[in-house]
Amino acid sequence: MSKGWGIASSTIRKKKDADAGPAGPHSSGSREEVLVKRQTPYHAHHATIQHFIATHDEQWDLIQATWSLQSIPPAERPAVFRWARQHGQRLLIAEFEVPAFIDFYAPERMEYIVGRYENGLAEYEGDLVSQGFLIPVLFGYFDRTAARTNWEGPIKGWVDDLRAAGFTLIQTRLLSHYWWADSYLIDAR
Ligand SMILES: C[S@@+](CC[C@H](N)C(=O)[O-])C[C@H]1O[C@@H](n2cnc3c(N)ncnc32)[C@H](O)[C@@H]1O
């Protein structure tokens, strides 16, 4: 039986998926219920990846992280990748292809963010997602009093970091043209 580890979290759904069940259009229950039905054992750990790697030394067939490693500060990322290289046979990462802006508050970066959020707002009906999530996140980009919590960037940067951590076979594949940015799957061994 394969063993996998992933950074868990929640998913925001569009209006058109609202009738498709709590885990999206292709399932009939929560993700946990689907796994139980498939007789796939799982253990949820409520911890940061930094804490997890400091307290776990098992080997994993597959490690996956979807749009979550962007929350790891760049200085801490090499240690996470080295751990994944040493403890996993394969690492799958889903991340966005976001341009690297030299200045965090550069006009070009503001134009990029505002333009993308216009697209995003157009995709959701009602106020729940737009007022409850997108607008607060949008304003958060320009809040100089808030600590930075996101370090997205070009996919090439992820690939370079993975190579530096010892991964030798790294493939990338476009997943979708999302409103915020193109999203890619990075498959590293
Ligand atoms: C954009 S959401 C990802 C959504 C989810 N993985 C998905 O694919 O729908 C970012 C997630 O990263 C998680 N996260 C942030 N910092 C983390 C850390 N240091 N260790 C583990 N998870 C972290 C957050 O809890 C949040 O759930």
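Buried residues make up 11% of the 189 residues in the protein chain. Buried means 20 or more other C-beta atoms within 10 Å of a residue's own, exposed means 12 or fewer, and partly exposed lies in between, with C-beta atoms placed from the backbone.

This is a predicted model, in which local features need pLDDT of at least 70, side-chain atom pairs count only at pLDDT 80 or more, and totals for chains, interfaces and linings use all residues. Residues are numbered from 1 along each chain as its sequence is written.

**Color by confidence.** pLDDT is the predictor's confidence in each residue, from 0 to 100. The chain averages 86, and 85% of the residues score at least 70. Now select residues 8-27. Here the pLDDT is below 50, and the stretch has 25 contacts in the model beyond near neighbours in sequence. A contact is two residues whose C-beta atoms, placed from the backbone, lie within 7 Å. Where pLDDT is low, the predicted coordinates should not be read in detail.

**Switch to cartoon.** The protein chain has six helices and five strands. Their order along the sequence is β-α-α-β-α-β-α-α-α-β-β. Helices (H or I, at least four residues) and strands (E, at least two) are DSSP runs, numbered from the N terminus.

**Select 107-123 and 128-141.** These are helices α4 and α5, whose axes come within 11 Å and cross at roughly 175 degrees. The two helices are therefore roughly antiparallel (an angle over 145 degrees). From α4, the contact uses Ile 113, Tyr 117, Gly 120 and Leu 121; from α5, Ser 130, Leu 134, Leu 138 and Tyr 141. Six of the contact residues are nonpolar, two are polar and none is charged. Nonpolar covers Ala, Val, Leu, Ile, Met, Phe, Trp, Tyr, Cys and Pro; charged covers Asp, Glu, Lys and Arg; the others, Gly among them, are polar.

**Move to 155-164.** This is helix α6, where Ile 155, Trp 158 and Leu 162 are buried. Look down the axis of α6: its buried residues fall within an arc of 60 degrees, so they line one face. The face turned away carries exposed Lys 156, Asp 160 and Ala 164. Show what covers the buried residues of α6; the cover includes α3, β3, β4 and β5. Just after α6, click Gly 166, which takes a positive phi of about 110 degrees.

**Finish at Gly 88.** Find Gly 88 in the loop between α3 (77-87) and β3 (91-97). Is Gly 88 buried or exposed? Gly 88 counts as buried, because 22 C-beta neighbours lie inside 10 Å. Beyond residues up to four places away in sequence, Gly 88 touches Trp 60, Leu 62 and Ile 63. Gly 88 and Ile 63 are 25 residues apart in sequence, yet 6.2 Å apart in space, C-alpha to C-alpha.

Definitions and conventions
Axes fitted to C-alpha atoms, helices over the stretch in contact; angles between N-to-C directions. Parallel < 35°, antiparallel > 145°, perpendicular 65-115°, else oblique. Arc of directions from axis to C-beta.
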